[in-house]
Amino acid sequence: MGREAALLTAARGAKVTVVDLAEAKGQATVQTIISAGGTAQFVRADVTNEDDTAGMVDAAVRNHGGLHGAFNNAGIIGAGGKISDYSLADWNKVISINLTGVFVSMRAELRYLEAQGAGSIVNTASTAGLIAYPNLPADVASKHGVVGLTKQVAVDYAPKGIRVNAILPGSTMTPLAAESFGDPELRAKAESAQPIGRLGQPEEIAEMAAWLLSDGSSFVVGGAFTVDGGVTAA
């Protein structure tokens, strides 16, 4: 989803800073953008690390002339299991990436955007930010946290000219999901659970991210937008 958002926004004229721990994949995204005539750079960063998140903002400002939008998309599902058997280490890992990572990233971004007096931040949560999923206590708690944090920061910073919103994707056919749905029977079951009758595509999530980052959504503040084929409406 992050890769497709980077490609889409670059194609529409944005100068993109791709941030990831996986350097080879991040560099590949940058090269795809450059080959298509766009502008991009790669920054390796751990979103749970304060110095790294400050560095990614600094790199965007230094090499692209400023920061106007940020898509905070890093996240994991983590281990499954009921809470009585859930280890603190597994809990802390999910919370640190999914929730603390958004907090640390936004803090670094907002320090610049507040001084600038404008900008848009988009955070990825998931439908687990609205409803429960069996045996995923840390994931559900973290995604609910992202939605709540997004709303809180949106209210605090709207008077400063900064918009903050969240995207809540449903089951989306990312490379990781493709591995999980390698079994045709399992995939068919997942698709039948969607009112739309199929899984989402990363490009569809990217379209929402690009819109929320653009001036086209200039009156949209503190929203939590489901892109889930109707799952949470059913």
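Which residues does Ser126 touch, not counting residues up to four places away in sequence? In this predicted model, Ser126 touches Lys143, Ile167, Leu168 and Pro169, a contact being heavy atoms within 4.5 Å. Local features need pLDDT of at least 70, side-chain atom pairs count only at pLDDT 80 or more, and totals for chains, interfaces and linings use all residues. Residues are numbered from 1 along each chain as its sequence is written, and side-chain values use heavy atoms, with hydrogens and water left out.

Ser126 sits in the loop that joins β4 (119-124) to α5 (137-157). Its relative accessible area is 12%, so Ser126 is buried (under 20% relative accessible area, 1.4 Å probe, protein chains only). From its side chain, Ser126 reaches the backbone nitrogen of Ala128 at 2.8 Å, a polar contact being a pair of N or O atoms within 3.5 Å, where within protein one must be able to donate a hydrogen and the other to accept it, and residues adjacent in sequence count only if both atoms are side-chain atoms.

The protein as a whole contains 8 helices and 6 strands, which are DSSP runs numbered from the N terminus (helices H or I, at least four residues; strands E, at least two). Their order along the sequence is α-β-α-β-α-β-α-β-α-β-α-α-α-β. Of the 234 residues, 41% count as buried. Among contacts between residues at least 6 apart in sequence, 69% join residues at least 24 apart. Along the principal axes, the C-alpha atoms fill a box of roughly 50 × 35 × 35 Å.

Note on methods
Buried < 20%, exposed > 50% of the residue type's maximum accessible area, 1.4 Å probe, protein only.
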